[in-house]
Amino acid sequence: MTSEARLYTFSQETKAHLRKFRLGTSRASGPQAVIYKKTYEIKQDDDKVVYNSLEELADDLPDNSPRYILLSYPLTLGDGRLSVPYVLLYYLPTTSNAQSRMMYAGAKELMRNTAEVGRVFDLESAEDLEEIPDKLGAE
């Protein structure tokens, strides 16, 4: 067992939610995102909230605490095909304390693998969310 697997855990409920969200958003017509936080267990920040716009998501991100954000963002490619990238946004504000930064950094790959995302984007502020559609379009 790897050391990160002993330090950070996912409940069966959280794993089920990760899978349900990934599968449920694969054919979404608009963006959908959920925020995850890390305590002793990685779990959804607010069990009921699914964000349908990046602006709403930005409004709810804490100013000084890291978060993992799962984002499904439908795009129409230049050739007319629909693409729905499923990514992890690793939100690590510069104002967060060193201990929380280390805790989140240590579980980043575990979150990526457990959520089965395609790519990871690092964000230092909520304003960085504005760049995500352009970055996704460049895939």
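**View 1. Tyr-68 and Tyr-104 are both buried.** Buried means under 20% relative accessible area, with exposed set at over 50% and partly exposed in between, for a 1.4 Å probe and protein chains only. The model is predicted: local features need pLDDT of at least 70, side-chain atom pairs count only at pLDDT 80 or more, and totals for chains, interfaces and linings use all residues. Residues are numbered from 1 along each chain as its sequence is written, and side-chain values use heavy atoms, with hydrogens and water left out. Tyr-68, Tyr-90 and Tyr-104 form one aromatic cluster.

**View 2. The structure holds three aromatic pairs.** Rings of Phe, Tyr and Trp (its six-membered ring) pair if their centres lie within 6.5 Å; planes under 30 degrees apart count as stacked, over 60 as edge-to-face and the rest as tilted. Phe-21 and Tyr-86 make a tilted pair, 6.2 Å centre to centre with 45° between the planes. This pair links distant parts of the chain, with Phe-21 in helix α2 (residues 12-24) and Tyr-86 in strand β6, 65 residues apart. Helices (H or I, at least four residues) and strands (E, at least two) are DSSP runs, numbered from the N terminus. Phe-21 has a relative accessible area of 6% and is buried; Tyr-86, at 11%, also counts as buried. The ring centres of Tyr-68 and Tyr-104 are 5.0 Å apart and the planes stand at 45°, so this pair is tilted. Tyr-68 lies in strand β3 and Tyr-104 in helix α4 (residues 98-115), 36 residues apart.

**View 3. The largest nonpolar core has 20 residues.** A nonpolar core is a set of buried Ala, Val, Leu, Ile, Met, Phe, Trp, Tyr and Cys residues joined through side-chain atoms within 4.5 Å. Among the residues with the most contacts inside this core are Leu-57, Leu-89 and Leu-136. At least two core residues come from each of β1 (32-38), α3 (54-60), β3 (67-72), β6 (86-91), β7 (119-123) and α5 (132-137). A second, separate core of 19 residues includes Tyr-68, Leu-88, Tyr-104 and Val-117. Beyond its neighbours within four places in sequence, Leu-89 is in contact with residues including Arg-67, Phe-121 and Ile-132; contact means heavy atoms within 4.5 Å.

**View 4. Five strands form an open sheet in the order β2-β1-β3-β6-β7, with mixed pairing.** β2 and β7 are the edge strands, each with a single partner, so one side of each has no neighbour in the sheet. Two strands pair if DSSP finds at least two bridges between them. β1 and β3 are antiparallel over five bridges, and Val-34 has Leu-70 in β3 as its bridge partner. β1 is joined to β2 (residues 42-44) by three bridges, also in the antiparallel sense. β6 and β7 pair in parallel over five bridges; Val-87 is bridged to Arg-119 in β7. Five of the seven residues of β1 are buried.

**View 5. The axes of α2 and α4 come within 9 Å and cross at roughly 60°.** This makes α2 oblique to α4, where angles under 35 degrees count as roughly parallel, over 145 as roughly antiparallel, 65 to 115 as roughly perpendicular and the rest as oblique. Axes are lines fitted to C-alpha atoms, for helices over the stretch in contact, and angles run from 0 to 180 degrees between N-to-C directions. Lys-15, Leu-18 and Arg-22 in α2 meet Met-111, Thr-114 and Ala-115 in α4. α2 also lies across β1, β2, β3 and β6, at about 160° to β1.
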